[in-house]
Amino acid sequence: MTQQHKAVALVSGGLDSMLAVKVIQEQGIHVEGINFFTGFCVEGHTHAIRKKDRVKPKRNNALWVAEQLGIKLHIIDVIEEYKDILLNPKYGYGANLNPCLDCKKFMVHKAVEWIQKKGFDFIITGEVMGQRPMSQRKDTMPVVAKESGADDLLLRPLCAKLLPETKPEREGWIKRENMYDFSGRSRKPQMALAQKFGFTDYAQPAGGCCFLTDASYSAKLTDLWKARGDRNYELDDVMLLKVGRHIRPAENFKLIIGREEGENNFLSGYKKQFINMHTVSHRGPLLLVDGTPEKKDLELAAQILARYSQGRDADEVTIEMTDQGGVTTSMVVKPIAMESIPEKWHV
Amino acid sequence: MAKHNLDARGLLCPMPVIRAQNAIADLPQGDVLEVVCTDPGAAHDIPAWCRVHGHSILEIKQKKDELVVIIEVGEANA
Ligand code: SF4
């Protein structure tokens, strides 16, 4: 009996990587998945933060995909290593703060290390030529293969027919004719293949796999770096940028206000790290104060919070403020007028 | 068969899953890992991760603000 060959797949949780795995499984290859957690991933937060985003049952899509395919999924924390990719990308950024080309290179490189350690034979991804403007172009796809160190061990089953032959094909582990030539931004070929495999209910993330492709997220990150005068960040920083209304009245402080219950719950996990406020006399959201506010800044914060509570039209709203030391004080404020919150404060 | 504990309180998904995965990597089949977490998402994700790796969930206890997931290490680690 010939030895069964083994491939590791970069699994994001979207349809493309799911299809790529299936195509390779069908050829008798043992496949396992790896999924990288950079801190910016859209996937992974099963509590789905905002209720409006919770149209589907809570789930981690990468794990869901693995279960559908019957493969093991290894989730790898790359938060620390990813900082250098985001802060110093050799190939720069895409439309927003997404360093897609460097990111892909980094992930494939991690996969190379993984297969060496685990004794796997090659790497697959769900990339489709021309689908993403930066990392999935005819001229950049070979860059990823070369600079990641994967070379001809990197196979993209959905567009393999458009790319040079790889080792798994040359060695006869995989048949080139059983792969595809998908290109461009149309999702039709993928959907047809999904139907052929009987996949339904798969995730179709718009834009990309991470928040860095999102303009409003990137603006918040830029604002944070500017206010701190330093581009470094911690996981908590980047997580907090995913939720709430962010208002920066001055360089020295920023307010994060929950927009609904899910976000308030999420933010309440950070109460010990930030000065936080909630309304007592009326129903209202939770507010966190980031930065180094002065006393007058906290008063303004309370007035703004009152504005976003059910007491917005009341003369007085009672607010409770708790500092990082757990000391709680009470304040009575008049809600600020909407016109007094300039547009430019909204990050 | 030994029992182990993992404190994943205060971590947001998928970090509790990653911590559980890394802890299990070093454990022999039959050992039990008890993970305490605060992110409600872990109640879905840790079992899903265990299913794809062939580990069993012995129990999920929901306390006030905490969740305890008890895992028995499966054959993959034999
Ligand atoms: S969208 Fe985000 S995770 Fe995906 S390749 Fe680009 S930077 Fe990397």
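Reader: Which residue is the bridge partner of A:G33 in β3(A)?
Author: This is a predicted model. In it, A:G33 has A:L73 of β3(A) as its bridge partner.
Reader: How many bridges join strand β2 of chain A to β3(A)?
Author: There are five bridges between β2 (residues 30–37) of chain A and β3(A), and the two run parallel.
Reader: And which helix packs on the sheet, touching β1, β2, β3, β4 and β5 of chain A?
Author: That is helix α4 (residues 100–118) of chain A. The direction of α4 makes about 155° with that of β1(A).
Reader: In what order do the five strands of the sheet come?
Author: The order in chain A is β3-β2-β1-β4-β5, in an open sheet with parallel pairing. The edge strands of chain A are β3 (73–77) and β5 (154–155), each of which pairs on one side only.
Reader: Which strands does helix α1 of chain A lie across?
Author: Helix α1 (residues 15–25) lies across β1 (6–10), β2, β4 (122–124) and β5 of chain A, and runs at about 135° to β4(A).
Reader: Changing topic: how do the axes of α2 of chain A and α2 of chain B cross?
Author: The axes of α2 (residues 61–69) of chain A and α2 (residues 42–53) of chain B cross at roughly 30° and come within 9 Å. Angles under 35 degrees count as roughly parallel, so α2(A) is roughly parallel to α2(B).
Reader: Which residues make the contact?
Author: From α2(A) they are A:L63, A:A66 and A:E67; from α2(B) they are B:D45, B:A48, B:W49, B:R51 and B:V52.
Reader: How many of them are nonpolar, polar or charged?
Author: In this contact of α2(A) with α2(B), five residues are nonpolar, three are charged and none is polar.

Key: Residues numbered from 1 in each chain as written. Chains lettered and ligands numbered in written order. Predicted model: local features only at pLDDT ≥ 70, side-chain atom pairs only at ≥ 80, totals over all residues. Heavy atoms only, no water. Pairing = 2+ DSSP bridges. Helix = DSSP H or I, 4+ residues; strand = E, 2+ residues; numbered from the N terminus. Contact = heavy atoms within 4.5 Å. Axes fitted to C-alpha atoms, helices over the stretch in contact; angles between N-to-C directions. Parallel < 35°, antiparallel > 145°, perpendicular 65-115°, else oblique. Nonpolar A, V, L, I, M, F, W, Y, C, P; charged D, E, K, R; others polar.
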